[in-house]
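Grab a pencil and work through a few exercises on the structure below. Each one has a task, then a solution that goes step by step.

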Amino acid sequence: MRNIAVFVSGNGTNFENITRHLSDNQTARVALMVSNKDDAYALTRAERLGVEAIVWKKADFADERRTMEMLRSHGIDFIVLAGFLLMIPQYLIKHFDHRMLNIHPSLLPKYGGKGMYGRHVHEAVKANGETTTGITIHYVSEECDGGDIVRQETTPLDPTDTPDDIARKVHELEKEYFPQTILDIIEKQQWQ
């Protein structure tokens, strides 16, 4: 059984979806939720789902020894970023090379990079008159939203779609594809 840590900054809908999807699985489970915000609603979701949660702020991530010890103490094999808004330190990227996934609410490389998250992405998609958008699931690298792409899924857009409509369509893709993609990758990994 592989232990996943899900890193979040906000609401935690993807965290809950992943946790529920893996609840009866024999390959992987969500063992820990890490939030960089002590007021994130995801903490309430974790408590309700019976998943251990920890608040680990930017200053905590700056301490490599403490962070690695925290992850080791929970037996973490794999990290999933699900609406996590801090840049990941180099030491974590190195240690979890090709064992750390992120989901981005656009078809990268479009609408990626610093400041492009959540509603900002959907507003940019709308402003540019895009006819399709989607999600990108990718490995985490030192470049913001620049890691190797694992999967992209698209959804058509109507000219009348608002940023909220776009967000709903993207969220449906996240719900449908993110948990299974995580599981597929973990099942294919060569573990030492």
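**Exercise 1. Work out how the lining of the largest pocket divides into nonpolar, polar and charged residues, and what else describes that pocket.**

Step 1: the lining splits into 16 nonpolar, 16 polar and 5 charged residues. Here Ala, Val, Leu, Ile, Met, Phe, Trp, Tyr, Cys and Pro count as nonpolar, Asp, Glu, Lys and Arg as charged, and the others, Gly among them, as polar.

Before going on: this is a predicted model, where local features need pLDDT of at least 70 and side-chain atom pairs count only at pLDDT 80 or more, while totals for chains, interfaces and linings use all residues. Residues are numbered from 1 along each chain as its sequence is written, and side-chain values use heavy atoms, leaving out hydrogens and water.

Step 2: the pocket holds about 950 Å³ of space. (A pocket is an open set of points on a 1 Å grid over the protein atoms alone, where a 1.4 Å probe fits, with protein on both sides within 12 Å along at least five of seven lines; lining residues have an atom within 4 Å of a point. The volume is the space filled by probe spheres set on the points.)

Step 3: of the 37 lining residues, G83, F84, L85, Y117 and G118 are the closest to the centre. Two or more residues come from each of α1 (13–21), β5 (100–104), α6 and α7, and α7 gives the largest share, 4 residues. (Helices, H or I with at least four residues, and strands, E with at least two, are DSSP runs numbered from the N terminus.)

**Exercise 2. Describe how α6 and α7 pack.**

Step 1: α6 covers residues 118–127 and α7 residues 163–188; their axes sit 9 Å apart, at an angle of about 115 degrees. (Axes are lines fitted to C-alpha atoms over the stretch in contact, and angles run from 0 to 180 degrees between N-to-C directions.)

Step 2: from α6, R119, H122, E123, V125 and K126 meet P163, D164, I166, A167 and V170 of α7. Sorted by kind, that contact has 5 nonpolar, 1 polar and 4 charged residues.

**Exercise 3. Decide whether T155 and G129 are buried or exposed.**

Step 1: T155, in strand β7 (residues 149–156), has a relative accessible area of 11%, so T155 is buried. (Buried means under 20%, exposed over 50%, with a 1.4 Å probe and protein chains only.)

Step 2: G129, in the loop between α6 and β6 (132–139), comes out at 52%, so G129 is exposed.

Terms used. Contact means heavy atoms within 4.5 Å.
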